Amino acid sequence: MMHKLILASLLTVAAAPLHAQTDYYNTDAGRPVLIEDAYALERRGLELQVAPVRLSRARGGAYTWGVEPSLAYGLAPRTQIEIGVPVAYVDGRNGGATGISGVDLSMHYNLNVETRIPAFAIAAGVLLPAGRFGPPRAYPSIKGIMTRTFPDVRLHVNAQYTFGDALTSGSAPVGAASQSLELSRWIAGAALDHAIALRSLLLTAEVYARKPLDVTEQVEWNSGVGVRYQLAPRWAMDAGVGRAINGPSQAWYLTAGGAYAFGLPWSAR
Amino acid sequence: MIGRRFLSRTAVLALAITLAAPLAKAQWVTTYETFYLQAPHNWTFRDTYQHADRLFNAFDYGHAILYETLWTRPDAPASMLEERIYDRLTKHILVKPPHVPLDENAIEPMYAQLAPEAKAMFDWSHILHRQIYDVLADERLSDAEKDRAVQQLISYYKTRRDLAFSSKPKSMELMQEQPYSLAFRQKFPKFNGLIWGYHWFQVGLYEPLLVGRTGVERQAGVRATVARFWQMLQDPPHTLPYQMPMTAAIAPEFAKRYPEAAIIFDNLHSMHDVVSDILANPSVPRDRKRAEIVLAGARFRDDTSYVMSVPAWLTMSKEMGVENMGGPSVNFTRELPTPTVTIGAVMHHDRGTGKMTGVLVGQMLNMSHDGMAGMDHTAAPAVQPAVAATGHEGHVMPSPAAPARETVDHAAHGMAAMPGMAVPAAKAPVPSPTSVVALRLMLQDPVIRRRVLADSALRRMLMQSLDSLSAADRAQLQRLLTPPRSRRQ
């Protein structure tokens, strides 16, 4: 059981579906909450998630640390691509273990800008088998995103589905991978955020459900809150806290990070 | 039975889709953002001139909260913008401006939904604005390198043809003579003046960066321009600009060196006013506002609508009078210049030459040039007799607002086609003692006198205005208004 809880805590470390944007108001999945908005990184923009740290504590006291450096690029209008490499450190009875939790590739395509019609986006990603804590095979996923803005708050709704064979808990890699958010069979949830515009500060809260890819596990409910803050024109910082309300781990997590935005050189010639 | 129900539901669905399709098409917007040009000069202005840079962040807020308020609170009393929000802006936000550029989506979320294309145009042009400050503030660059860098920024800006304002000058007809025009300035003269004050500062700040020969001079110049901006806020709306600041008038050196940029910024600032008018004018139904804003945006982007030549644009800028725009942004006198028109007056200009042909709304004030820093006395406008020299003293609020011109057809922009246009009645005004002195001093200037004498209409009108003066004053001014040859005869 302990072993499973430790592995379960990896889910919060390997929370991989990052979608970067260059300012505080444009939310990224996992920075600090999972539910994101429909907008993509600006065209020609690059964003480096320098050191998004995540600490989680599962029931039983096992701690897991994780970092997922990633780089996103605004490839085309309303389109971004991203690569992330999550690295986890798992605390265990016999000492800790560090390893890569896969390689995450994703593309985010924003269909439209919000008018009377909400903004919509679709995203596709794949978590590749790599590293000690990575999944046993590649798992592709697709996601639909909607953003609707009201005078004081924005509502974001996300729904994600992952393809691939179901997993069963048993072997360590499979068990670990099955706890990754990337390897949920589905995720559905909503977030509300409120901006304090003059302070360039965004307050956000989310709730979502996920069905693990492990067929033996039940639907798990999660909640989280967080803030994003524009520290400088190029730097957006974030911090958040959340927990799994039910499920085997009922893990708490804390997360904090910073994203640095820059662009590619350009010449008229 | 089931088949009939299925068919009827299908028919209803098809009808609903058919009816909703045009709306969905009109509302389906796919504009997008592009990252600013990556360059070594990025954010140099912010690092070097922090006190000035932060004001721009406050301006972002001011523009955005204006549009959001106009759109979401159409029935609010004028005092909401003129008093409450104005005070908040000038007493708090400008005093302690935000530390980073603001995301206007967070300030004007409902306006951003209304016209995201227009918002994207503004955002893209504001990036150009800021990046040019960076170039001019970068002490590592030589003049030639700065010129190349600015040219590169303009080229980059133009890569977004769907967002870039035209670099062809646009006539003021596009801003001031549309069916919805003037609603904002007439209902919110103080806030309108503040927006023009922002625009004065935004284009004016280029000038000290250009004319300063060293970093120290540039620092001093920027500080002086910042101080001048604050001076404009002392007694609003009287101390704020009375006309839209034109870059060629406020920052002539900048306009001369980078005319394309200057034209783009004038077009940008014109469209700011246009959007304000569309939002503020109740004669534009709410379900038409988006269409009007999108149409105006297209006209400001294309190179054909309301275009005038660069020389005509320069002439128009001059004839509008720098003293009506807040004055020059460098080398100014201690006192603010004295405007020569009523607040928000509308001049009409010949699109071919840029020459002013008349005042459509508001009035010319007495022609006192005291304190008119930067005014070119060789370019006195040819004033329509019916509206010149009304004898008002100093700063005068407009006479009762001109009727809204919502009845005017879109295609009709000539004066004759604007039945609602207010042209003050022709009558002999009564000059005040001060204006008599000012007029005498002006006419003793040989250049001014020659120009006045060359304008028979102006001369006739001035002669008529002398009737109410004392005999001594009348005789003296009549002598000055009489051509030398006539006097000999």
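**Group meeting: a two-chain predicted model**

Let me begin with chain A, which has two helices and 16 strands, where helices (H or I, at least four residues) and strands (E, at least two) are DSSP runs, numbered from the N terminus. Residues are numbered from 1 along each chain as its sequence is written, and chains are lettered from A and ligands numbered from 1 in the order in which they are written.

Of the 269 residues in chain A, 51% are buried; a residue is called buried if 20 or more other C-beta atoms lie within 10 Å of its own, exposed if 12 or fewer, and partly exposed in between, with C-beta atoms placed from the backbone. Two residues are in contact if their C-beta atoms, placed from the backbone, lie within 7 Å, and among contacts in chain A with a separation of 6 or more, 60% are between residues 24 or more positions apart.

Chain B has 22 helices and two strands. Buried residues make up 51% of its 489 residues, and of the contacts in chain B between residues at least 6 apart in sequence, 77% join residues at least 24 apart.

Where the two chains meet, chain A contributes 30 residues and chain B contributes 32 residues. On the side of chain B that touches chain A, at least two residues each come from α1 (2–27), α3 (50–72), α5 (109–114) and α7 (143–158) of chain B. That side of chain B consists of 20 nonpolar, ten polar and two charged residues, if Ala, Val, Leu, Ile, Met, Phe, Trp, Tyr, Cys and Pro count as nonpolar, Asp, Glu, Lys and Arg as charged, and the others, Gly among them, as polar.

Next, the interior. A nonpolar core is a set of buried Ala, Val, Leu, Ile, Met, Phe, Trp, Tyr and Cys residues joined through C-beta atoms within 7 Å. The largest such core has 129 residues, and the members that touch the most others are B:I132, B:L153 and B:Y206. Apart from neighbours within four places in sequence, B:Y206 is in contact with B:I132, B:L136, B:A251 and B:F254. There is also a second, separate core of twelve residues, which includes A:A38, A:A119, A:A123 and A:I145.

I would like to look at one helix pair in chain B. Helix α6 (residues 116–137) of chain B and α15(B) have axes that come within 11 Å and cross at roughly 140 degrees; axes are lines fitted to C-alpha atoms, for helices over the stretch in contact, and angles run from 0 to 180 degrees between N-to-C directions. From α6(B) the contact uses B:A118, B:S125, B:L128, B:H129 and B:I132, and from α15(B) it uses B:A261, B:I264, B:F265, B:L268 and B:V275. By class, this contact of α6(B) with α15(B) has eight nonpolar, two polar and no charged residues.

How many residues of α15(B) are buried? The count is 20 of its 22 residues, so to speak a mostly covered helix, and α6(B) is also mostly covered, with 18 of its 22 residues buried.

Finally, some backbone details. Most residues other than glycine have a negative phi, and most peptide bonds are trans. The bond from A:R31 to A:P32 is cis, with omega near 0 degrees, and A:P32 lies in the loop between α1 (2–13) and β1 (45–49) of chain A. The bond from B:P236 to B:P237 is cis too, with omega near 0 degrees, and B:P237 is in the loop between α12 (215–232) and α13 (247–250) of chain B.

As for phi, B:W43 has a positive value near 65 degrees, and it sits in the loop between α1 and α2 (44–48) of chain B. Is B:W43 buried, exposed or partly exposed? B:W43 counts as partly exposed because it has 19 C-beta neighbours inside 10 Å. B:Y306, which is not a glycine, has a positive phi of about 55 degrees, and B:Y306 counts as buried because it has 22 C-beta neighbours inside 10 Å.

Definitions and conventions
Predicted model: local features only at pLDDT ≥ 70, side-chain atom pairs only at ≥ 80, totals over all residues.
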